[in-house]
Amino acid sequence: LAQPAAKGRGLMLHRLPPVGEEALDADADGGGADALYWRLASDRLEGRIPDAIAEAELLRRYEVPRGVMQRVMLRVLAEGWAERGPTGGWRFLPLIDGPAAHAEAYWARRAIEPAALLAPEFNLPVATASRLRREQEGLLDRRLTPSPRAIFESNSGFHLALVQASGNRFLIDGATRLTRLRRLAGYVVALDMTRLEAQAREHLAILDKVESGDRTRAAELLIRHLEGGRAVRARLLAGAASGLVRLTEAPAPASPRPRPGQAGSDRRR
């Protein structure tokens, strides 16, 4: 969140909100910040924005008020796909932005996540397991229409929580970085609802094995789960930017269920 800084210095970042927090989306101009976010994300995936860019250039490019741009960039900063440049402006970080990068990410996740389940210090708190179960069961509720962002946060949060339960700082660091890299492409993948139910049921089956103490079988199910979504994601990522344009034109409504991270801040310790 931002607050006024010293005279002549604009805004000062007071604290970063949790990833997925919707406060940065609140926008008195009727959703302009949210629409700008999806335009920016689409342009970044399509390679239309350079790695480093001055804020003035962003303002010229998108023709929006400075306040709207600052709200969007604070959200991007919180989500981890851009950072402040050394001489001002912004520097966009690498993304998983196509099938080749996705394949690399798949093999990295296949190395990290099953290993986390088998780590000797693995311990998934009961409260965390209950929260993960509620979120996945919520995705199976056909009465609700979760946004791509809500789907990504629930599903990526499930995987990240399992890695965090390993207690291994190196596995946790790797999984956290991969989650940030996957974020924009993950929103596009979440647009395809055809695998939503299967994903949720696979997550619940993995959780069942973890809670029963059969972590070896849980790791096997996890590998099968990662492999099952591999081809689907590769196909969807080929048209990732055009998928985000759809969100620019008609942003999906927010899910009425609690946001990922509510009643469960243990996800990002």
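Predicted model: local features only at pLDDT ≥ 70, side-chain atom pairs only at ≥ 80, totals over all residues.
Local features require pLDDT of at least 70 and side-chain atom pairs pLDDT 80 or more, whereas totals for chains, interfaces and linings use all residues. Residues are numbered from 1 along each chain as its sequence is written, and side-chain values use heavy atoms, without hydrogens and water.

The protein contains 11 helices and five strands; these are DSSP runs numbered from the N terminus, with helices (H or I) of at least four residues and strands (E) of at least two. Of its 269 residues, 49% are buried, meaning under 20% relative accessible area with a 1.4 Å probe, protein chains only. Among contacts (heavy atoms within 4.5 Å) between residues at least 6 apart in sequence, 73% join residues at least 24 apart.

Helix α1 (residues 32-46) and helix α3 (residues 66-79) have axes that come within 9 Å and cross at roughly 55 degrees. That angle makes α1 oblique to α3, since angles under 35 degrees count as roughly parallel, over 145 as roughly antiparallel, 65 to 115 as roughly perpendicular and the rest as oblique. On the α1 side, the contacting residues include L36, Y37, W38 and L40, and on the α3 side they include V68, M69, V72 and V76.

Elsewhere, helix α9 (residues 215-228) holds L226. Beyond its neighbours within four places in sequence, L226 is in contact with Y106, R109, R110, E113 and H159. Its C-alpha atom is separated by 9.9 Å from that of E202, 24 residues apart along the chain.

How values were computed:
Axes fitted to C-alpha atoms, helices over the stretch in contact; angles between N-to-C directions. Buried < 20%, exposed > 50% of the residue type's maximum accessible area, 1.4 Å probe, protein only.
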